[in-house]
Amino acid sequence: MEEVVKVFDCSIICGERTKEDQSEAFISKRSQTDWPDSKHNKEPSMAVDVAPYPIDWNDRERFTLFAGYVLGIAKTLKTQGRISHEVRWGGDWNRNWIVSDNRFDDLVHFELC
Ligand SMILES: [Zn+2]
């Protein structure tokens with residue numbers, strides 16, 4: 001995200017989640033995973049929730065554009081050996097580059113896999 005924010009202004013909403021935070025996210029259906037199984041529950045966190053500025057929660061296209069940028073940066077960093085993991089986005093869980101088949105949209109969610 002340090003590389004992403006150089007070009008695409010954004011805000012990190014959350015990284016690591018406590019047991020209470022994860023349970024609240026699970027109960028309110030913002031997450032499909034209860035504690036301790038979310039990548040937000042690892043230490044250090046293996047997931048981050050990030051929103052692009054200007055934040056418009058109803059603008060799925062903007063989140064998709066942002067995610068494409070994040071995934072492109074991640075792929076470049078992986079190719080350069082600067083990160084060791086792939087990145088998965090919550091708008092394309094199966095990582096097939098098709099967003100219309102996504103059954104649970106978590107458009108702010110990015111995780112290392
Ligand atoms: Zn998340």
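This is a predicted model: local features need pLDDT of at least 70, side-chain atom pairs count only at pLDDT 80 or more; totals for chains, interfaces and linings use all residues.
## Zinc site

Three protein residues donate to the zinc ion: His40 through NE2, Asp49 through OD and His109 through ND1, lying 2.0 Å from the metal. Read along the chain, these donors follow the spacing H-x8-D-x59-H. His40 belongs to the loop between α1 (19-27) and β2 (47-52), while His109 belongs to strand β4 (residues 106-112), so this pair ties together parts that are 69 residues apart in sequence.

Are the two histidines buried or exposed? His40 has a relative accessibility of 1% and therefore counts as buried, given that buried means under 20% relative accessible area. His109 has a relative accessibility of 4% and also counts as buried.

## Salt bridge between Arg82 and Glu3

The count of salt bridges in the model comes to nine. In general, side chains of opposite charge can pair when their charged atoms come close. One of the salt bridges joins the side chains of Arg82 and Glu3, with a distance of 3.3 Å from N to O. Arg82 lies in the loop between α2 (60-79) and β3 (87-90), and Glu3 lies in the segment before β1 (10-14), so the pair ties together parts that are 79 residues apart in sequence.

The partners can also be described by their accessibility. Arg82 is exposed, with a relative accessible area of 51%, where exposed means over 50%. Glu3, at 24% relative accessibility, counts as partly exposed.

Which residues pair with Glu86 in salt bridges? Lys75 is one of them, and the closest N and O atoms of Lys75 and Glu86 are 3.6 Å apart. This pair links distant parts of the chain, with Lys75 in helix α2 and Glu86 in the loop between α2 and β3, 11 residues apart. Lys78 also forms a salt bridge with Glu86, and here the closest N and O atoms are 3.9 Å apart. Through salt bridges that share partners, Lys75, Lys78, Glu86 and Arg95 are joined into one network.

Lys75 is partly exposed, with a relative accessible area of 45%. Lys78 counts as partly exposed at 31% relative accessibility, and Glu86 counts as partly exposed at 25%.

## Nonpolar surface patch

A nonpolar patch on the surface is formed by Ile13, Tyr53, Ile55 and Trp57. Together, these residues have about 410 Å² of accessible area. Trp57 is exposed, with a relative accessible area of 55%.

At 12% relative accessibility, Asn41 counts as buried.

What does the side chain of Asn41 reach? It reaches the backbone oxygen of Arg17, at 3.2 Å. Leaving aside residues up to four places away in sequence, Asn41 touches Arg17, Thr18, Gln22, Asp34, Trp35 and Pro36.

Notes. Residues are numbered from 1 along each chain as its sequence is written. Side-chain values use heavy atoms; hydrogens and water are left out. Donors are N, O and S atoms within 2.8 Å of the metal (3.2 Å for Na, K and Ca); water is not among the atoms, so sites may look incomplete. Helices (H or I, at least four residues) and strands (E, at least two) are DSSP runs, numbered from the N terminus. Buried means under 20% relative accessible area, exposed over 50%, partly exposed in between (1.4 Å probe, protein chains only). A salt bridge is a side-chain nitrogen of Lys or Arg within 4 Å of a carboxyl oxygen of Asp or Glu. Patches are made of residues with over 30% relative accessible area and no salt bridge: like charges are joined within 9 Å, nonpolar side chains (Val, Leu, Ile, Met, Phe, Trp, Tyr) within 5 Å. Accessible areas come from the Shrake-Rupley method with a 1.4 Å probe; for residues, only the protein chains shown count as cover. A polar contact is a pair of N or O atoms within 3.5 Å; within protein, one must be able to donate a hydrogen and the other to accept it, and residues adjacent in sequence count only if both atoms are side-chain atoms. Contact means heavy atoms within 4.5 Å.
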